[in-house]
Amino acid sequence: RIHLMPSMNPDGYEKAHEGDADSVVGRLNANAIDLNRNFPDKFEPLRISKPQQPETLHVKHWIAKHPFVLSANLHNGALVANYPFDDTLSGRSVRHRAPDDSTFQQLARAYSFAHPTMHFGRPCRAGDLSFLDGITNGAAWYNVAGGMQDYNYMHSNCFEITVEMGCVKFPLRWHLKREWQ
C-alpha cells in the first residue's frame, strides 16, 4: 500500500511564492513553527523545540497507525538525497551514523543515481556543499533536531530519506514535469 501526503504544511504552502529560489518564506506554519523540526528529539524525547503542532500530532498518529517500511520526504532547495541521522548530541554538524547506515546509503544512492543529475553531487550555488554521489548523512550536512526523518526511524522503524529534488525552493509549475522525470 502506498500513502501520499501532498503537504505537511498547507499554511506554509499558501505563503510561499512560485519561482522562489532560496528563501524560507513558507517554511513555517500559521503558528510560526517549522514542522520539520517539531518532532520529539531522539536525545531528549521529552524536549520538543516548540509546542507540538496539530499537523505534527496528526502525522505522528498516522505513522503509528500505519507502520511504514520506506518513506521519502520530498523537499526542494538543494540536489541531494539525505539519510539519518539528522542531528548529534553536541548539536554540531558532523556525521552521525544510524545503526542501518549502509542500508540508508544504499537507498539514498539508488535515488541519486536514478536522477538525471543528482549523482554528480554538484552544488546548487557557489559556496554550497558538494555531495559525493549526490548523497549525505543529514547531521554531516547540517544539524536538525526534532526532524521527522529521525522520528520515523526511531519510533516506527521506517527507513526514511529526505530527497532534496532541485535547487529552486518553490519551482515554477511548468518545471514540475521535469522534476518528476
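Q: Which residues line the largest cavity?

A: The lining of the largest cavity consists of Pro-40, Asp-41, Lys-42, Asp-87, Gly-146, Gly-147, Asp-150, Tyr-151, Met-154 and His-155. The model under discussion is predicted.

Q: How much space lies in the largest cavity, and how is its lining divided by class?

A: The space in the largest cavity amounts to about 50 Å³. Its lining comprises four charged, three nonpolar and three polar residues.

Q: Is Ala-32 buried, partly exposed or exposed?

A: Ala-32 counts as partly exposed because its relative accessibility is 49%. This residue is not a glycine, yet its phi is positive, about 60°. Ala-32 is located in the loop between H1 and H2.

Q: Where does the peptide bond that joins Pro-84 to Phe-85 stand, cis or trans?

A: That bond is cis, and its omega is near 0°. Phe-85 belongs to the loop between S2 and H3.

Q: How is the pairing of strands to be read, and in what sense do S1 and S4 pair?

A: Two points are to be read: the sense of the pairing and the residues that stand opposite one another. Strand S1 (residues 70–75) pairs with S4 in the parallel sense, over six bridges. In this pairing, Leu-74 faces Val-163 of S4.

Q: In what sense do S2 and S4 pair?

A: Strand S2 (residues 78–83) pairs with S4 in the antiparallel sense, and five bridges are found between them. Ala-78 stands opposite Gly-166 in S4, while the residue opposite Leu-79 is Met-165. S2 also runs parallel to strand S3 (residues 135–137), to which three bridges join it. There, Thr-136 of S3 is the bridge partner of Asn-82.

Q: How many residues of S4 are buried, and what follows from this?

A: Strand S4 (residues 159–166) has eight of its eight residues buried, so it is largely enclosed by the rest of the structure. S2 is mostly covered as well, with six of its six residues buried. Both faces of S2 are covered: one side carries Ala-78, Val-80 and Asn-82, the other Leu-79, Ala-81 and Tyr-83, all of them buried.

Q: How is a nonpolar core to be read, and which members of the largest one touch the most other members?

A: In soluble globular proteins, nonpolar side chains tend to be buried together. Here the largest nonpolar core holds 14 residues, and those touching the most other members are Ala-81, Tyr-83, Phe-104, Tyr-153 and Ile-161. The elements that contribute two or more residues to this core are S2, helix H3 (101–114) and S4. S4 provides the largest share, four residues.

Q: Which residues does Phe-104 touch, not counting residues up to four places away in sequence?

A: On that count, Phe-104 touches Tyr-83, Pro-84, Ala-98, Tyr-153, Phe-159, Glu-160 and Ile-161. There is also a second, separate core of seven residues, with Met-8, Phe-39, Ile-63 and Met-148 among them.

Q: Finally, where is Glu-18 found?

A: Glu-18 is found in the loop between helix H1 (10–15) and H2. Its relative accessibility is 32%, so it counts as partly exposed. Leaving aside residues up to four places away in sequence, Glu-18 touches Phe-170, Pro-171, Leu-172 and Arg-173. From Phe-39, Glu-18 is separated by 21 residues in sequence and by 28 Å in space, C-alpha to C-alpha.

Key: Residues numbered from 1 in each chain as written. Predicted model: local features only at pLDDT ≥ 70, side-chain atom pairs only at ≥ 80, totals over all residues. Heavy atoms only, no water. Buried < 20%, exposed > 50% of the residue type's maximum accessible area, 1.4 Å probe, protein only. Pairing = 2+ DSSP bridges. Core = buried A, V, L, I, M, F, W, Y, C linked by side-chain atoms within 4.5 Å. Contact = heavy atoms within 4.5 Å. 1 Å grid on protein atoms, 1.4 Å probe; cavity = no way out; pocket = protein on both sides within 12 Å on 5 of 7 lines; lining within 4 Å. Points joined across faces, edges and corners; volume = space filled by probe spheres on them. Nonpolar A, V, L, I, M, F, W, Y, C, P; charged D, E, K, R; others polar.
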